[in-house]
Every structure is written in C-alpha cells, then in structure tokens.
Amino acid sequence: MKITVHTSKAVKPAYGGGIGGDATAVPLTVFDKANFDQHISGINFFRQPAPPNAALAAGLARALAEYREWAGRLGVDAAGSRAILLNDAGARFVEATADVVLGDVMPLEPTPDVLRLHPDGDGAEELMLVQVTRFKCGSLAVGHTIHHAVADGRAACNFLLAWGQATRGAAFDPVPAHDRASLFLPRQPPRVAFEHRGVEFKPREEKKPGRRSDVAVVDNDDEVVVQRVRFSREFVAELRSRASAGAPRPYSTLQCVAAHLWRCITKARGLDAREITRLCVAVDGRMRMRHPPVPEGYTGNVVLWARPAAAAGDLVSMPLRLAVELISREVARVDDSYFRSFIDFASSGAVEEERLVPSADSSETVLSPDVEVDSLLHAPFYDLDFGGGPPFFFMPSYLSVEGTVFIVRSFSGDRSMDAYVPLFRRAMDTFNKCCYSLAMADARL
C-alpha cells in the first residue's frame, strides 16, 4: 500500500462575519497536567461516497471556531502556568491518496504501515492534525493525531463529531462546555482522603527497573510486536458468564475481558511469582463526579485510573472471577470522593514542593510487569458522519508500547471485539495458547 501526500496546510477557525476570537490563554487543569503529555492517533474508515476534501476542510474550520483549543498551541500564561494559547494558529490538514482498493487490505494489521494513515505528532506544534486519505475505490480514511494534554478520549471524540456536524451543517451535539476554571476548584479546607503519591504522581527521579529504555535489543525475541486478537461475541458472553458466577450482578464486559488479558499477559511474561503486577484502567469523571457534575460536552481531560494489583503467582492461580472482583472493587473506589481528593492534593502545592511528576509517563515503552487496558468500545467514533454515513471501522494507530492494550469493536461488525496487544515476541506463543481458551477462566494458567 503506497500512500502519497499531496498537500499539507494549516486550517484556521472560520468565524461568522469574519470576526475572530480574543487571544487568551487557558491554564491546564490538574487533570490535563496529570495525563500523558503526547499526541495520540486513531483512524476512521468510510465507504464511498465521501464528501470532497474542500468540504471537509471547510467543516473543520467551522468546528475550530467553536473548539478554539484545537487551533491553539501549548505555552504558558502570564502567571507562568502551562496553558493552551488560543491564538488561532490552526490545525494541520493533510490530503493524501492510496494506490489500492481499501477492501483489498482490510482489516489492516497493526504494523508500522498504519502510521502512514495519520500525521506524525512527534515534534508537532499543532494540537490537532488530521489526514484524509482517498483510496482507489473512493473509500476514505480519516486519521487524527491529537495532543492528550488538551483532552481525553471522550472529549477528542466530541470534537471529531463536531467536525462532522459542521461539515453537514448540523448543530453541535453534545453542546461543548469549555470552562476549565470552575469545575475543578479545590475545597476549602482541602480534604485529601486518599493516597495520590505513587498513584497519579511519582518522584521525578524515580525510574522503574526493567524499562525498555534500559535494555538493549539483542535478538528478535526482544522485539515488541503488536498482535490483533479477536474475541467472538460468544466467547465474550461465556467469559462474562463464568466471571460473574455467584456475583450479585454481572460484571461489565470490559472488566471481564481486561481481567482475562491481564492474567494471560502475566502468564506469557513469565514473571516471578512474587512480583507485583498492576492493571491500569481509565475511569471517566463525567460518570463519577457529582459536586458539581461534569457536563457531557466538557472539552478537557477528566480521567483518573483504577490500579488493582496482585502478585503475579496469585493472579495466574486465581480463577478469573476473583481477578474481575479485584478490578471491580478498585474501579468502584475511584468515585466522586476520590476525584475531589485528587483535586485537593494536586492543587495543594505538594506536587511542586516534592518535585513529583505524573505517573502517566509517555517516555515509558515497556510497562512490564504492569498492564494498561484502554477501552474504545463505547467511544462515539461510530457516530462520526461527514455526510456520507458513519465509519464502518475504527482502529487505533500502531503503538508498540509493551503492555498497552487497546480494545475496540471488531472489523467484522458482528459484535465481537478486537484487542491490540503489544508484547515481546518471545511471549506471544504462550499468550496465544491461553488467550483463546475458556478453560483458562476457571483454572490456573
């Protein structure tokens, strides 16, 4: 598959009547600062007919007039705090073509070739970069690269939906809420009821042993490869049934699949039985915070993480239902009280005084012995419509960070799901032997 880039330009906000916005700086919130300081990417695929590129660019300009943060740049405000500069510098819009029929290469496998379907955010000043790639059949791929300090996955999805709505001439839904100042004010007096050191924050000098940056590649077994694992609807239903046996109510599909993957990855890594492994699962504050509630259309980050932990030997020995129970208990713990405690701690000055840094570290390329599971099952990518209908497939970009797993709807469209699993090549055989086995749900791995 050959991708040819034809144009690359800045698209700036198109204000009605030619009136521009005021140049201001919006300080990052405590949630923005605690998130990954990097660009992230994904790709939506649309069948023909697709609107012309000029219509897509015009729609993007209209959407940016409302969502000005995506046309801005990161910098500092007058007080020296890190901020989004609303300077209307613009988003990057790239036009490209592919020399193949899209159906001939679908489903795309998670290889470095995928990186050519969206702009590279490495070193980019733009906070939003998009690429529209037209295939010989008339199908369209829309790849996006966005800066995570500006928004979490839900907020980024809302902007993409707004881009589609602006292209179609529809009203923005959900209604965007841009206020980053008043929602996350610390309480007076502060009430830090939970431990946040070693959870959302870590010492600046701390370096976790065994990270990829410390290990030289000596052979192919040390190469991180990404494998797409397909779980059928029937497999997931049975997994959930076995995990929920005896529980007051069925556990969520995500928690059951995440527990299964956590156990299988831990087994495949061959960790020492006494080594502690943690699972990182995102928890959306829009669903948890109550005083005050966070609007559905909030445009920034409002995510924290549940981090259940277990000794590797215990995790692979316990039945799946106990691993799911562990995850469920930790997710429930990240409630309104926990979010408010985080705000109070992150606003207290302790982070600066103790020289703490976010645990969400974009420089880490190996998470072992830990696992991060990012679910995009309920992200509204499939509501994105530029006028020719919703996408038939969404996939994350190729990301070879060992232990960072993405879960999405399957390309097959039959309510199955795909997990993109990056592991060292040496671990893949063992992983494959257990990840498709329902018998492993009730037995020692």
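R355 counts as partly exposed in this predicted model, because its relative accessibility comes out at 41%. Its backbone is worth a look too: phi is near 55°, a positive value in a residue other than glycine. You'll find R355 in the loop between α10 and β14.

Those two flanking elements turn up again at the second largest pocket, where α10 (350-353) and β14 (356-358) each give two or more residues to the lining, as does α1 (30-34). Of these, α1 gives the most, with 4 residues. The lining has 22 residues, and K33, V351, L356, V357 and P358 lie nearest the centre. By type, they split into 11 nonpolar, 3 polar and 8 charged, around a volume of about 500 Å³. So where does the pocket sit relative to domain 1 (6-168) and domain 2 (222-436)? Both domains give residues to its lining, so it lies between them.

The peptide bond from S368 to P369 is cis, with omega near 15°. Another cis bond runs from H291 to P292, with omega near 0°, and P292 belongs to the loop between β11 (276-284) and β12 (303-306).

R415 also has a positive phi, near 70°. This arginine is in the loop between β17 (404-409) and β18 (417-424), and at 67% relative accessibility R415 counts as exposed.

Finally, take helix α8. Its buried residues are L320, A323, V324, L326, I327, E330 and V331. They cover an arc of only 155° around the axis, so they sit on the same side of α8.

Key
Residues numbered from 1 in each chain as written. Predicted model: local features only at pLDDT ≥ 70, side-chain atom pairs only at ≥ 80, totals over all residues. Heavy atoms only, no water. 1 Å grid on protein atoms, 1.4 Å probe; cavity = no way out; pocket = protein on both sides within 12 Å on 5 of 7 lines; lining within 4 Å. Points joined across faces, edges and corners; volume = space filled by probe spheres on them. Nonpolar A, V, L, I, M, F, W, Y, C, P; charged D, E, K, R; others polar. Domains from an automatic or database assignment. Buried < 20%, exposed > 50% of the residue type's maximum accessible area, 1.4 Å probe, protein only. Arc of directions from axis to C-beta.
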